[in-house]
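Reader: Could you take me through how to read this fold, beginning with the sheet and ending with the chain as a whole?

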Amino acid sequence: MSSLHYDSYTEARAHLKDLLDAAALGRTATVRREETRAVVVDAERLKHFLAAVTPSRAEVVAEDGGWSVFIPGLPVAADGSTFEEAIGEMVDALREYAEDWQDHLLNAPNHRENWGLVQLIALSDDEELRRWLTGQAA
């Protein structure tokens, strides 16, 4: 079995174990519902992929005895008295941005392309986001 495709969610529900097993193995697993098709993907694989194709581009600047962190193109920034504190504040700011994106920004023209970033934030714990922000290997 190389990939799984179900033409209805009723059929997919009857084969949920097979869908989840295929996703865990990295196989293509899709479900069609009317005119749309969804894919079932292993979260760890998706997170790893998103981290690889979505570099943080975070810029850290020492200023006024503290540190500032921002990501060009995103309305997200943080400050702290230490580097670690600034990165921690940025993790919190990213989580707030992801919540706002899910709530009302997902269809805004200047935010809709941030889907991958929002998924990465949602799938990552705080330490993984710290490593992503600072360019450390996962």
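**Reading the sheet, a helix and the chain**

Author: Strand 5 (residues 66-70) and strand 6 pair in the antiparallel sense over 4 bridges, where two strands pair if DSSP finds at least two bridges between them, and where helices (H or I, at least four residues) and strands (E, at least two) are DSSP runs numbered from the N terminus. Within this pairing, Val 69 stands opposite Ala 78 of strand 6. This is a predicted model, in which local features need pLDDT of at least 70 and side-chain atom pairs count only at pLDDT 80 or more, while totals for chains, interfaces and linings use all residues. Residues are numbered from 1 along each chain as its sequence is written, and side-chain values use heavy atoms, with hydrogens and water left out.

Reader: What is the order of the strands in the open sheet?

Author: The open sheet has 3 strands in the order 4-5-6, with antiparallel pairing. Strand 4 (59-63) and strand 6 (77-80) each have a single partner strand and stand at the edges, so one side of each is left without a neighbour in the sheet. From one strand to the next the twist averages 20°, with axes being lines fitted to C-alpha atoms, for helices over the stretch in contact, and angles running from 0 to 180 degrees between N-to-C directions.

Reader: Which helix lies across strand 4, strand 5 and strand 6?

Author: Helix 4 (residues 83-105) lies across these three strands, and runs at about 150° to strand 6; contact here means heavy atoms within 4.5 Å.

Reader: Is Gln 119 buried or exposed?

Author: Buried means under 20% relative accessible area, exposed over 50%, and partly exposed in between (1.4 Å probe, protein chains only). Gln 119, which has its place in helix 5 (residues 115-123), is buried, with a relative accessible area of 18%. Leaving aside residues up to four places away in sequence, Gln 119 touches Leu 50 and Gln 102.

Reader: What pattern does the chain follow along the sequence?

Author: The chain, with its 6 helices and 6 strands, reads β-α-α-β-β-α-β-β-β-α-α-α. The radius of gyration is taken over C-alpha atoms, and the globule rule is 2.2 Å times the number of residues to the power 0.38. For this chain the radius of gyration is 18 Å, well over the 14 Å that the rule gives for 138 residues, so the chain is more spread out than a compact globule. Its C-alpha atoms fill a box of roughly 60 × 30 × 20 Å along the principal axes, and 33% of the 138 residues count as buried.
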